Amino acid sequence: MPTIPFTTRLDTTLKAKLEVIAQYEDRSTSYVANRAIQNFVEEREATRELIEIGLQLVEKGVSISESAIDSWLNSPEDTPFPEPDIFYK
């Protein structure tokens, strides 16, 4: 994948921690920072997609109860997202 330079300012403590992680993993700080940014972007994209799906469902009168969401949030990480259980209209 082609790359381009990207310049940013980091807190000195954060930069030092990044260097320690990179050294521990035998990678460059650039590689570690790139992976962190990639993970951040993927997480935000996934969150935005879930929000869009939720808004579409609400427009259709379909929703998930608070208790189902609470149960899901307090369950193991690999638990599937709950199915809609509230239907309006």
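Colleague: Let's start with Glu19: how exposed is this residue?
Modeller: Glu19 is partly exposed, with a relative accessible area of 36%. Keep in mind that this is a predicted model.

Colleague: How many salt bridges turn up in the whole structure?
Modeller: A search of the whole structure finds two.

Colleague: Where do Glu52 and Arg48 sit?
Modeller: They are in helix α2, and because they are four residues apart there, about one helical turn separates them. Glu52 is partly exposed, with a relative accessible area of 33%, and Arg48 is also partly exposed, at 45%.

Colleague: Back to α1 for a moment. Which residue caps its N-terminal end?
Modeller: That's Asp11: one of its side-chain oxygens lies 3.0 Å from the backbone nitrogen of Thr13.

Colleague: What follows α1?
Modeller: Asp26 does, and its phi is positive, near 55 degrees. Asp26 is a residue other than glycine with a positive phi. It lies in the loop between α1 and α2, the latter covering residues 29–59.

Colleague: Is Asp26 buried or exposed?
Modeller: Asp26 has a relative accessible area of 69%, and the cut-off for exposed is over 50%, so Asp26 counts as exposed.

Colleague: How about the residue after α2, what is its phi?
Modeller: α2 is followed by Gly61, and the phi of Gly61 is positive too, near 85 degrees.

Colleague: How do the helix spans compare with what you'd expect?
Modeller: For α1, 13 residues at 1.5 Å a residue should span 18 Å, and the end C-alpha atoms are 18 Å apart, so that agrees. For α2, the 31 residues should span 45 Å, and its end C-alpha atoms are 45 Å apart, which agrees as well.

Colleague: New topic: which residues make the nonpolar surface patch?
Modeller: Phe6, Ile37, Phe40 and Val41 make a patch of about 420 Å². Phe6 comes from the segment before α1, and this residue is exposed, with a relative accessible area of 67%.

Colleague: What about Thr7, buried or exposed?
Modeller: Thr7 counts as exposed, at 75% relative accessibility. Thr7 is also found in the segment before α1.

Colleague: How far apart are Thr7 and Pro80?
Modeller: In sequence they are 73 residues apart, and in space they are 39 Å apart, C-alpha to C-alpha.

Colleague: Last one: where is the confidence lowest and where is it highest?
Modeller: Confidence is lowest in strand β2, residues 86–87, with a mean pLDDT of 90. Helix α1, residues 12–24, has the highest, at 97. Over the protein chain the average pLDDT is 94, and 100% of the residues score at least 70.

Colleague: Great, thanks for the tour!

Definitions and conventions:
Residues are numbered from 1 along each chain as its sequence is written. This is a predicted model: local features need pLDDT of at least 70, side-chain atom pairs count only at pLDDT 80 or more; totals for chains, interfaces and linings use all residues. Side-chain values use heavy atoms; hydrogens and water are left out. pLDDT is the predictor's confidence in each residue, from 0 to 100. Helices (H or I, at least four residues) and strands (E, at least two) are DSSP runs, numbered from the N terminus. The expected span of a helix is 1.5 Å times one less than its number of residues. A polar contact is a pair of N or O atoms within 3.5 Å; within protein, one must be able to donate a hydrogen and the other to accept it, and residues adjacent in sequence count only if both atoms are side-chain atoms. Patches are made of residues with over 30% relative accessible area and no salt bridge: like charges are joined within 9 Å, nonpolar side chains (Val, Leu, Ile, Met, Phe, Trp, Tyr) within 5 Å. Accessible areas come from the Shrake-Rupley method with a 1.4 Å probe; for residues, only the protein chains shown count as cover. A salt bridge is a side-chain nitrogen of Lys or Arg within 4 Å of a carboxyl oxygen of Asp or Glu. Buried means under 20% relative accessible area, exposed over 50%, partly exposed in between (1.4 Å probe, protein chains only).
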